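Please view the sequence and structure together.

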Amino acid sequence: MTRARILSGMQASGLLHIGNYHGALENWVKLQDEYECFYFIADWHALTTLFNEPGKVREYTREIAIDFLACGLDPEKSTIFIQSDVLQHAELCIILGMITPVPWLERVPSYKDKKKELAGKDLSSHGFLGYPVLQAADIAIYRAAYVPVGEDQLPHLELTREIVRRFNHLYGDTLVEPKEIVTKTAVLPGLDGRKMSKSYDNAVYLSDDDETVRKKFKNAITDPQRQRRKDPGRPEVCNIHTYHKIYSTKDRLAEIEEQCRTAGIGCVDCKQELIDRFFERFADIRQRRKQLSDDPVQVRKILDAGAERAREIAEETMKLVRRAASMGWNP
Ligand code: SF4
C-alpha cells in the first residue's frame with residue numbers, strides 16, 4: 001500500500017531544544033509508521049539569519065542530524081537529508097520566486113514577528129523576505145501531500161498553497177497542494193517563562209551535558225511570590241510545574257500541586273525531582289546521542305543515502321516543472 005508523503009524540516013539556525021523535541025520531533029517519530037516521511041535540515045534557511053556566521057550553520061547542521069537520529073528518526077523508515085545536498089530545492093525556488101508577488105511575502109505574520117524577535121540583526125535581505133518561497137519549494141519539490149505543522153505555522157503553509165495554485169494556474173497542473181497535519185502540543189515555556197528560544201537564552205538543549213541540564217533547571221524561575229521555604233506556592237504560574245506535567249506521572253503531579261500550595265515541598269526538592277525525571281525520560285536519547293557524536297562518518301553516510309533518495313524524487317518533479325514552465329530548449 002502506498003503511504004501518503006509528508007515533509008518537514010528544522011532550520012539549522014540553532015541547537016535543538018526540548019521545546020523542539022516535544023513540539024515537533026517526538027511527533028515526527030510517530031508519523032514514520034504511517035506516512036512516507038521526508039525530514040530535512042534546512043541549512044539554506046539558516047543563512048537568512050546567520051549569513052555572516054557560516055561556521056555556525058555547519059555546526060548546527062551536524063548537531064541537528066545527530067539529534068534527529070538520536071531521537072528516533074529512522075533512516076530505514078524515513079528519508080533524512082540536508083537541504084543544500086539537494087540542489088533542486090534552489091532551482092524550484094527560483095521559478096516560484098518569479099511568480100510570487102512581494103506583498104504576499106510582506107503580509108506573512110512571522111516576517112514581522114521575527115524581525116521584532118531578532119531586532120539588531122540585519123534582516124533586510126532578499127533571502128529573508130523570500131524565505132516562504134524557499135519553504136514552498138522545499139515542500140512542492142517532493143509533491144508532499146501533508147506537512148506536519150504547529151498552529152503558528154499555518155499561514156506559511158497557506159502561502160505555499162497559494163504559490164502552488166498560482167504555478168498550476170499559469171503552467172498547468174503540475175505541483176501538489178499540501179494539506180496540514182496540525183500538531184496539538186502545548187508550547188513548552190523557557191526557563192524564564194517566556195517562549196523557549198535560543199534568542200532568549202532560556203532553553204534546555206538536547207545536546208546539553210548533564211551538568212548544564214542540572215544547572216539550568218536549578219536556576220529556572222518558579223513562582224516569584226514564593227520567597228521562603230514556608231511560603232505556599234502557586235504551581236499554575238511556575239515553569240517547573242509545567243515541566244512536571246510532561247515528565248512526572250499524573251498521580252505524582254497532583255501530589256506536587258498539593259504539596260506546593262501547602263508548602264509541603266520546597267522548590268529545591270521539586271527541581272531535583274524534575275531533574276531526575278528528565279534524565280530518566282531522555283536516558284536512551286542521550287546515550288544514542290553520545291554514540292552518534294563519536295561516529296560522525298556514520299551520520300554522514302546516513303545523510304548521503306537520504307540525499308540520494310531525495311534527489312531522485314526532486315529531479316522527477318523538476319523534469320515536470322521545467323517542461324511546464326518552458327525552461328530550456330531542444331530542437
Ligand atoms: S514547589 Fe515546585 S511547583 Fe511549587 S513553586 Fe516551587 S518549583 Fe514551582
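Ser326 is not a glycine, yet its phi is positive, near 55°. Ser326 is exposed, at 58% relative accessible area, where exposed means over 50% and buried under 20% (1.4 Å probe, protein chains only).

Ala263, in the loop between α12 (250–261) and α13, also has a positive phi, about 60°, without being a glycine. Ala263 is buried, with a relative accessible area of 17%.

## Basis of the model

The model is predicted: local features need pLDDT of at least 70, side-chain atom pairs count only at pLDDT 80 or more, and totals for chains, interfaces and linings use all residues. Residues are numbered from 1 along each chain as its sequence is written, and side-chain values use heavy atoms, with hydrogens and water left out.

## Ligand shell

Around the ligand stand Thr222, Asp223, Arg226, Cys238, Ile240, His241, Cys260, Ile265, Cys267 and Cys270, each with a heavy atom within 4 Å of it. Two or more shell residues come from each of α11 (239–247) and α13 (267–293). By class, the shell holds six nonpolar, two polar and two charged residues; Ala, Val, Leu, Ile, Met, Phe, Trp, Tyr, Cys and Pro count as nonpolar, Asp, Glu, Lys and Arg as charged, and the others, Gly among them, as polar.

## Lining of the second largest pocket

Helix α4 gives five residues, the largest share of this lining. The lining divides into twelve nonpolar, seven polar and no charged residues.

Notes: Helices (H or I, at least four residues) and strands (E, at least two) are DSSP runs, numbered from the N terminus.
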